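Open the model in your viewer and keep the selection tool at hand. The tour goes stop by stop.

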Amino acid sequence: MGRGRAKAKQVKVARQLKYNSGHTDLDRLSDELGVSSARPTTEVEDSYDDELLDKYADFADYQPKDGSAS
């Protein structure tokens, strides 16, 4: 009855030895875990960040009058 837990522990230890030996192959790890390698583009995020920076640029040097930092 404890075989599932023992096997899970063996798999965990095997992964640690395989991937934590100083040089981790992240591509092999993602393949083993079944994670897709497609990454979302950051153009949308960059434009959103630029929009926020432009919107709040006037407040970049804002200091509260009571001297407290937030």
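Which residue does the side chain of Glu-32 meet in a salt bridge at 3.3 Å, N to O? Select Glu-32 and look for Lys-18: the two side chains form that bridge. This is a predicted model, and the tour will come back to this pair.

**Stop 1: the whole chain**

Zoom out and colour by secondary structure. The chain has 3 helices and 0 strands. Followed along the sequence, the pattern reads α-α-α. Now colour by accessibility. The chain has 70 residues, and 3% of them count as buried.

**Stop 2: two helices**

Select residues 3–19, helix H1, and then residues 26–33, helix H2. Two packed helices are described by the angle between their axes and the distance between the axes. Here the axes come within 11 Å and cross at roughly 155°. Angles over 145 degrees count as roughly antiparallel, so H1 is roughly antiparallel to H2. The crossing of H1 past H2 is right-handed.

**Stop 3: the contact**

Keep both helices and show side chains. On the H1 side, pick Arg-15, Lys-18 and Tyr-19. On the H2 side, pick Arg-28, Leu-29, Glu-32 and Leu-33, which they meet. Colour this set by residue class. The contact residues divide into 3 nonpolar, no polar and 4 charged.

**Stop 4: the salt bridges**

How many salt bridges does the count come to? The count is 2.

Select Glu-32 with Arg-15. They form a salt bridge, and the closest N and O atoms are 2.8 Å apart. This pair links distant parts of the chain: Glu-32 sits in helix H2, Arg-15 in helix H1, and they are 17 residues apart.

Glu-32 lies in H2 and Lys-18 in H1, so the bridge ties together parts 14 residues apart in sequence. Now show Arg-15, Lys-18 and Glu-32 together. Salt bridges with shared partners join them into one network.

**Stop 5: surface of the network**

Glu-32 has 35% relative accessibility, so it counts as partly exposed. Lys-18, at 37%, is partly exposed because it falls in that class. Arg-15 is partly exposed as well, with a relative accessible area of 33%.

**Stop 6: around Arg-15**

Which residues does Arg-15 contact, leaving aside its neighbours within four places in sequence? Select Asn-20, Glu-32 and Leu-33: these are its contacts. Then draw a distance from the C-alpha atom of Arg-15 to that of Leu-29. The two atoms are separated by 8.9 Å, and the residues are 14 apart along the chain.

Terms used: Residues are numbered from 1 along each chain as its sequence is written. This is a predicted model: local features need pLDDT of at least 70, side-chain atom pairs count only at pLDDT 80 or more; totals for chains, interfaces and linings use all residues. Side-chain values use heavy atoms; hydrogens and water are left out. Axes are lines fitted to C-alpha atoms, for helices over the stretch in contact, and angles run from 0 to 180 degrees between N-to-C directions. Helices (H or I, at least four residues) and strands (E, at least two) are DSSP runs, numbered from the N terminus. Angles under 35 degrees count as roughly parallel, over 145 as roughly antiparallel, 65 to 115 as roughly perpendicular and the rest as oblique. A crossing is left-handed if the near helix is turned anticlockwise from the far one by less than a right angle, and right-handed if clockwise. Contact means heavy atoms within 4.5 Å. Ala, Val, Leu, Ile, Met, Phe, Trp, Tyr, Cys and Pro count as nonpolar, Asp, Glu, Lys and Arg as charged, and the others, Gly among them, as polar. A salt bridge is a side-chain nitrogen of Lys or Arg within 4 Å of a carboxyl oxygen of Asp or Glu. Buried means under 20% relative accessible area, exposed over 50%, partly exposed in between (1.4 Å probe, protein chains only).
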